[in-house]
Amino acid sequence: MEGPWVGTWRPHPRRGPILAEFITPGPKYWIPGTTGHASHDPTRDKAPAYTFRGAKGPAAENCSPGPRYFIHPSITKVGKYIPPSAHLIGRPKTKSEVTPGPSDYSTEKADKHVYSNAPVQSMVFRHKLAGALQTPGPGAYTLPRLLGPNTVYTHANPCYSMRWKSMYNSCFQDLAKTPGPAAFSKVELDVYKKRAPKYTMGLKTKLTDKFLRPGPADYCVGKVTLIKPREPAYTFGLRHSLYKAALLPRVPPE
C-alpha cells in the first residue's frame with residue numbers, strides 16, 4: 001500500500017444510529033447564579049458588593065490645562081541655577097616650536113661655583129709628549145751583573161755547581177759488559193714442562209637426525225577430543241543458602 005501509514009483503522013459501515021440524530025431539549029433550563037448583583041439567586045444570601053468609581057469628569061465652568069507644562073528642575077524662584085561644571089574640549093591647535101626642554105640643561109657643572117664642595121680628583125687620558133721631551137726612562141738602562149763570576153766592579157764570590165754522578169770506579173760500572181736478565185727472551189713453559197690443556201670457543205655444531213627428539217613444547221595437551229567426546233567445561237553454579245539443609249546427613253559422634 002502506497003502512502004504514509006495512518007494506523008490500523010479503516011472506513012467501515014455504521015453499525016447503528018448515533019445520539020446526535022435524536023432531538024432533545026438541550027441546555028434550555030437556566031439556573032440563576034450566586035455571584036454578582038444582577039440576576040442573583042433569590043434563594044441565596046447576597047454578599048456585600050463593592051464597585052470601583054470612575055474618574056470624575058472635568059467641570060465646564062472651571063476648565064484649566066493643569067500640570068501639562070514641563071518646567072526644568074534648574075528653574076528656581078530666583079532664576080536658573082547652573083552648578084559649577086568642567087567642560088572637556090579638544091586641544092587647541094598651536095604652532096609647534098622646537099624649544100629646549102629641562103633635560104637639555106646641565107646644572108651639575110655649576111654646583112661647584114654655588115656650593116662648597118670637597119676637593120675632587122679626576123683621571124684623564126695621558127697627554128702625548130712632544131718629540132723634544134722624549135727622554136729615556138729608567139727601563140731604558142741596563143745595569144751590570146752583581147752575581148756570578150763575570151762582574152764589572154764587584155768582588156765575585158765562589159760559585160759551585162752540581163755535576164752528574166760519575167760511573168768511574170763505581171759498583172754500577174759494568175767492566176765485563178755481561179748481559180742482564182732482561183737481555184734474554186722469555187722461554188715458553190711448554191718447552192721444558194708438560195703442556196697444559198688449551199681450550200677454544202668454536203661455532204655451534206648442527207645436531208644430526210639421530211639426536212632430534214620431540215620436546216615438551218611439541219606436545220599439545222589441550223586437544224582431548226582425540227580420545228574423549230568433548231573438552232572439559234566449567235561453569236559458575238548458584239550460591240547455596242546458609243540456612244538450607246546439607247545433602248549428607250550428619251553422623252552423631254559415638
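V152 sits in the loop between α1 (111-114) and α2 (189-192). The structure described here is a predicted model. V152 is exposed, because its relative accessible area of 67% is over the 50% that the term requires.

V152 also takes part in a nonpolar surface patch of about 530 Å², together with L146, L147 and Y153.

A47 lies in the segment before β1 (75-76). A47 is exposed too, because its relative accessible area is 61%, again over 50%. In sequence, A47 and T35 are twelve residues apart; in space, their C-alpha atoms are 8.4 Å apart.

The two residues are listed below.

| Residue | Place | Relative accessible area |

The chain as a whole comes next. Its secondary structure consists of two helices and two strands. Read from the N terminus, the order of these elements is β-β-α-α.

The chain has 254 residues, and 2% of them count as buried. The chain exposes about 29900 Å², with 61% of this area supplied by carbon and sulfur atoms.

Contacts along the chain can be sorted by sequence separation. Among contacts with a separation of 6 or more, residues 24 or more positions apart account for 0%.

Key: Residues are numbered from 1 along each chain as its sequence is written. This is a predicted model: local features need pLDDT of at least 70, side-chain atom pairs count only at pLDDT 80 or more; totals for chains, interfaces and linings use all residues. Side-chain values use heavy atoms; hydrogens and water are left out. Helices (H or I, at least four residues) and strands (E, at least two) are DSSP runs, numbered from the N terminus. Buried means under 20% relative accessible area, exposed over 50%, partly exposed in between (1.4 Å probe, protein chains only). Contact means heavy atoms within 4.5 Å. Accessible areas come from the Shrake-Rupley method with a 1.4 Å probe; for residues, only the protein chains shown count as cover. Patches are made of residues with over 30% relative accessible area and no salt bridge: like charges are joined within 9 Å, nonpolar side chains (Val, Leu, Ile, Met, Phe, Trp, Tyr) within 5 Å. A salt bridge is a side-chain nitrogen of Lys or Arg within 4 Å of a carboxyl oxygen of Asp or Glu.
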